[in-house]
Amino acid sequence: MAEGRCEFPVLVKGDCKAETFKTLKNKLQLYFQSLKLSGGGECIVEYGEPSKAQAVVCFASEEVRNRVLNKPSHELDLKKTDKVQLVVTPLDKNAAEDKNRAVAQQAEQESAVETASKTQQRKEKGATAFEDIKSDDPYHPSAVVLNNLSENVTTDLLILFVENNSRLSEGEGDFTLEMLSDIDAAVVIFKKTIDIFEFIAKCSGKVIERKKIVAKHLEITRSILVENLSPAVSDELLKLYFEKPIYGGAVVNDIVLEDSSAIISFQNAKDLDSILDKDHVVDKKPILVYPYYKSLASALYGNKGPVVKMPDAFPVTVNPYILNFLRDKRYIGEINDKMSKCYCDVVWPDLGKPNIIKLLPSFSKVVKGLTKLTKVWKKEALDTITSILLKYTFAENNISLPVWKAVQPEIDQLSNQNVSVVLDMPLGKVILVGEYNPVNELKQQMRNIIEIAFRKQERENQSISQTIDLSPAMYTFLQHNDLQENLSIRFADLWMNYDATTGSLILCGLQHEVHGGKSYVLQELINLKQKQIEMDNLLICFLQMVKNNESCHRIFTSLGINAVYEIKDNGLVLYGKENNILFEAERSLETIFNIKQIVVENRDLIAKREWKQLLKELDKKLNYSQKIFEIEEMPFGTGVRIAIFGFSDAVNQVFEHLDDFVNKNAFIKKFIEVESSAMLGFLVHFQKITSLPHTEKKDVKIEVNENQMNIKLSGPREHVCDVEDFIRKEISLLSFSVLNLTEPGIKIYFKEEKDILAASVMQKFHCVIKSQEKHFLKSDNKESSQLCYQVQLPDGPLVAVLRGDLCGHHVDVIVNAANENLQHIGGLAGAVLKAAGPMLQTTCDYIIKTQGILKPGDAVITDAGNLPCSSVIHTVGPRWGSNNKETSVKSLKRAVKESLRLAEMYNLRSIAIPAISSGIFGFPLKLCAEIIVQSIKEFWKDSKGRLSLQKIDLLNNDRKTVEAVLDAVQREFDVYIKTPSMGQSKTELRVQETGNVNQEKALTKKDPNVQIVTSCIQNMKTDVIVTSVGPDLCLKKGAISFAIYNKAGPMLQQLLMKEANGNVPEGDIIITKGCNLNCDVVFHVIVPKWDKGTGNASEILKHIISSCLQNAEA
């Protein structure tokens, strides 16, 4: 290694074995010379200690070394074998020189030992000094490399040195010598036979120009260097080329491509002679081929010498302002000096010429390494000139002549030795140019000076104005979010005004202010979150009647909610900055607005003068300052539906007044079912029906129907409801028993003496005896329905599956599957008409005449006529096949939900629904059942526990239909409480269906009437409900106590805690009021945990039951 070149060394370590690392010198040399691969450049590689996988790489410049060190990682790709990870660390110059010196001494010693050893072996074998080396010897038989040459050694001096030590003559062609100045070495190839080992021994250690020469045997090479390759040539093309017999026919082991050259290694060294003797053309371009030695990391060029292609000059464009600044400040000489260090001359353009400088190579002072230098020259020259030019910059501002005249004195003060101010009036610019840091420090100052002057000048011209379409809601929202203040901060002189009549926001000011203000407003609108809200059409109409800003303030702003609404496409859209704000706004809408409806069966009611006067007074009282409610009257069957909508407080107040008026003036009918004809006879005989205090005004008509065992009430709604409650309470106090007379003599006696016995029993026991040959229980009536299955929905109705006749079913309302014209010709509709009487068809004809033909999914309600129910809902189901499946399913769902909605609107408690559309309309039975049950489930969930309906009977007479409905109910409601289905015995079904047990003997007054009832305890109507509770008295624990808590309300828990007043032992009973339950009192019993019979838990439980009965009796 040349002493003068080892100025910037690094230490390279590989993650492989030392033996493998020694063979990688050539690849290391190519890797660290490549700017692309390693970031390196001109360098020399030397190995260190043989036992370590490390080498010293010396670079020609510190900049190149720093690039290599700054690269995060280095990796040597061995292609066919593996990859070697390299660790590169800095090494100071002294350490490198010591290492080089040690390497040279070690190499000298190794060479001497090797030479002596081989000479001794040859003498022992009797070989002559001129005997050829065997073909399997790895060394060249006649080539020696002389290392560690001084830079001052010339070719002539070295020729004399070789001639003196070999006794041969270079002039006579005995040997050739080729200098390798890049690596401070020379190669001697002997044409005459000579003892190489003796020559090496003589040369090693001798000093020329103060440096010891290290002589080594040159290896036999299997590689060639190919130069002048076309860029399109690939390693695969080269491999195929040299393996072709006419071009060498050699087996290629490896190819390393680098720019326009390649190093190719062959399997057999003998193939190189034929390859080197030929002229080669690849890709229509002549190529040059030389033997390549990996130990030298170089090729031998012979007398020709390496072909060095000088790089072309190239142009660099410089900003004209920077170029003039460099000229004026005399920086050009300094730049020329810096560029000369990278062997580059700079040609500067003359004044008036294009602003392009030209970079030319200048290698006149290069002694060695020219080949490598030419490869990296352009890159290094470009990097250097770029880094120089990056130290300078410019900042330009648009300017007009009037503005320049105003600011020139102030801007001229910015000029100094590092910065210049240039005015380019043809382009309307003023430029600040100079060194990077000073320009950056001053450019904002110059910009501010120009902006102030420009604004002042601009204000003298006429301002522009633009309008933005903005709804009142959006303007209210933006104003609430400081629109005026934010625009003033950004554009202090911008003027703004809003025209509510046209829905326009007007901005006036300079163009950039107006555009900037408009952009800000539009961006604020874009950033708004929005949410589409489903809202009843009535409430949408109400919001369209009121002023948006006033309602937004009341709904949102007054509650601290930063949101607004808009009515779009008959829907409501909420706007806010965050999703959580929209959620709060939606909750506010749900609580602040409300709709309540009243159904008036008789239209004559709303025609009364008193009704109109009441509406007028309410409007004057509540809507005097701003509209807070609205009333709409709509035809509804034979009656009218009155909708009250608006703000909840006002809606509730108006509803109370109107509902009270309707209750006092509306005429309604009610049916009360009685379980036994004996009970009905008792009520009639003892004048429990005809002598009620509520009928003193004689405005409630009472009709007793002994055949259907019911009581029909008709009259004003208010009084009818009071009478109904009174009669139901009287019925709940009654009890009856059945005595079967089986002995013939007793039967005859009872028939003959029944009047006397009845009078005696009535006088003595205050009871009624009624004899009948047939059963007289309501549940045993031939028209009664068979219960197959029932499910109690939490906070909802009891859903029951029954088999029976819809026309004889006792509920508040039945659903009739009708056609679009409400013509009840046949099927279920015909049966309903026959049972109800002709007045039903007359009513339906009137509805069609006034409201038009119904569509699938529509429903109307009428009086029930002679049916045992109070009303009939006629709904039109879809005809299967007339529409697609999706439309038919939607229509059936709507039909079911409309029927349920009507029942709710009329405050009905029970409804019977058949399998709509499954008959002559052809709807698939299984799908029909599923849709009906799904619709009931959705309606229940949407109600959120606020249903007046307490029971929904799914009633059909056909067994297949009942089974299909049963399957659908079990699938949809399988998670809720339910009773067994059709597989039970008749006795079990009767117990679950009726809740009564027929007795085989008459009960005495002291005998209790024990009933087995399958139902939800919280819905039972009784005097006392017993519930279990734990020691902590928490009603929310346990299924039963929690169900009772939900029905009764939180007040029940408060009463329990108050009555307990501290810890309560197991077995005690706490008595409270029933609150919202259908009972007078609740017995809360503190039950023990079950001890599996090992303790006294069973005794405590017996005590609890006994105590409950005693307390109930008391």
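**Group meeting: contacts in a predicted model**

K937 is buried, with a relative accessible area of 18%. Buried means under 20%, exposed over 50%, and partly exposed in between, with a 1.4 Å probe and protein chains only.

Some ground rules. This is a predicted model, where local features need pLDDT of at least 70 and side-chain atom pairs count only at pLDDT 80 or more, while totals for chains, interfaces and linings use all residues. Residues are numbered from 1 along each chain as its sequence is written, and side-chain values use heavy atoms, with hydrogens and water left out.

Back to K937. Its side chain meets that of E972 in a salt bridge, 3.5 Å from N to O. The criterion is a side-chain nitrogen of Lys or Arg within 4 Å of a carboxyl oxygen of Asp or Glu. This pair links distant parts of the chain: K937 is in helix α28 (residues 925-943), E972 in helix α29 (residues 959-972), 35 residues apart. Helices are DSSP runs of H or I with at least four residues, strands are runs of E with at least two, and both are numbered from the N terminus.

How many salt bridges does the whole structure hold? The search finds 24. K893, K897 and E938 are linked in a network of them.

Next, helix α10. K338 bridges to E334, with the closest N and O atoms 3.7 Å apart. Both lie in α10, 4 residues apart, about one turn of the helix. K338 is partly exposed at 32%. E334 is partly exposed at 42%. Which residues of α10 (residues 332-340) are buried? I332, I335 and M339. They cover an arc of only 60° around the axis, which puts them on the same side of α10. That arc is taken from the directions from the helix axis to the C-beta atoms.

Now aromatics. There are 19 pairs. Rings of Phe, Tyr and Trp (its six-membered ring) pair if their centres lie within 6.5 Å; planes under 30 degrees apart are stacked, over 60 edge-to-face, the rest tilted. Y321 and F394 have ring centres 6.0 Å apart and planes at 55°, so that pair is tilted. Y321 lies in helix α9 (residues 320-328) and F394 in strand β21 (residues 392-398), so the pair ties together parts 73 residues apart in sequence. Y321 is buried at 13%. F394 is partly exposed at 29%.

Last, charges over rings. The test is NZ of Lys or CZ of Arg within 6 Å of the ring centre and within 35 degrees of the ring normal. R554 has its charged end over the ring of F647, 4.0 Å from the centre. K378 sits over F314, at 5.3 Å.
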